[in-house]
Amino acid sequence: MADPYPDTSEHRRRRRAARGKLQVLHGARRVIARRGADATRFRDVADETGAAVSTLQYSFGSREDLIIAAFEGAAAEDIDRVRKAADAAAGPVERLRALIRASVVADSNEEAREAWLIWVEYWRAAARDGELRSGSAAVYAEWRALVGGILADGCAAGVFRRDLDIDRAATQVLALLDGLGVPVVLGHTDMTAGAAAAVVLDALSAILGCAALRAEPV
């Protein structure tokens, strides 16, 4: 069978272009976290990434398209990162704990705050942009499916309440995470990312009827 990705100069060029575009999107997200989406311009992203403004215009077309691409990429990467963290754990309780930790705790409080700032800017922009608003519904459906799958496994294993309304509980998980993301973003000293994760797990222990969620520190 022929190699679908032959190592040709054209293929290497495309791979370099894809990596370059990904780096630009990561840079755009850093700018958005610092300045806000409304204040992010091509020049800001160019200064952050070293890419020429003309290159950004050629690659993305408009400033708005660059910002939408940055938001969509951030959402997809965040879900993938959290899914991998949950899948690496054994059993529904540890998978849920891993999901909560990965959702709110980064390598540092500053990284966690930057990640949440991107989500806040995403929500603000989606409230006024039909394309982002439609995309956000799909994003939340994917989050609910991820959480709901873990809850369903826990119910089947008898570690969560068997009479649990899984869709409702998955929505409650996301509501808890989103609500506690606000004081994390605002830098409240009594609500670090780790403290937020602990509060979510404490609430879920009651909702799911599972004291084991609180058995270990976050």
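Residues are numbered from 1 along each chain as its sequence is written, and side-chain values use heavy atoms, with hydrogens and water left out. Because the model is predicted, local features need pLDDT of at least 70 and side-chain atom pairs count only at pLDDT 80 or more, whereas totals for chains, interfaces and linings use all residues.

Student: What is the relative direction of α5 and α7?
Tutor: Helices here are DSSP runs of H or I with at least four residues, numbered from the N terminus. The axes, which are lines fitted to C-alpha atoms over the stretch in contact, with angles from 0 to 180 degrees between N-to-C directions, come within 8 Å for α5 (residues 92-104) and α7 (residues 130-157) and cross at roughly 155°. Since angles over 145 degrees count as roughly antiparallel, under 35 as roughly parallel, 65 to 115 as roughly perpendicular and the rest as oblique, the relation of α5 to α7 is roughly antiparallel.

Student: How many nonpolar residues does the contact of α5 with α7 have?
Tutor: With contact meaning heavy atoms within 4.5 Å, residues of α5 including Leu96 and Leu99 meet residues of α7, among them Trp143, Leu146 and Ile150. Ala, Val, Leu, Ile, Met, Phe, Trp, Tyr, Cys and Pro count as nonpolar, Asp, Glu, Lys and Arg as charged, and the others, Gly among them, as polar. By these classes, the contact holds two charged residues, two polar ones and, as the number asked for, eight nonpolar.

Student: Which class, stacked, edge-to-face or tilted, does the pair of Trp119 and Trp123 belong to?
Tutor: Rings of Phe, Tyr and Trp (its six-membered ring) pair if their centres lie within 6.5 Å, and planes under 30 degrees apart count as stacked, over 60 as edge-to-face and the rest as tilted. Trp119 and Trp123 are four residues apart in helix α6, and therefore separated by about one helical turn. Their ring centres are 6.4 Å apart and their planes are at 35°, so the pair is tilted.

Student: Is Trp123 buried, exposed or partly exposed?
Tutor: Buried means under 20% relative accessible area and exposed over 50%, with partly exposed in between (1.4 Å probe, protein chains only). Trp119 has a relative accessible area of 10% and is therefore buried. Trp123, by contrast, has 26% relative accessibility, so Trp123 counts as partly exposed.

Student: How far apart in space are Ser54 and Arg43?
Tutor: Ser54 lies in helix α3 (residues 53-60), and Ser54 counts as partly exposed because its relative accessibility is 49%. Ser54 and Arg43 are eleven residues apart in sequence, and their C-alpha to C-alpha separation in space is 9.8 Å.

Technical notes
Helix = DSSP H or I, 4+ residues; strand = E, 2+ residues; numbered from the N terminus.
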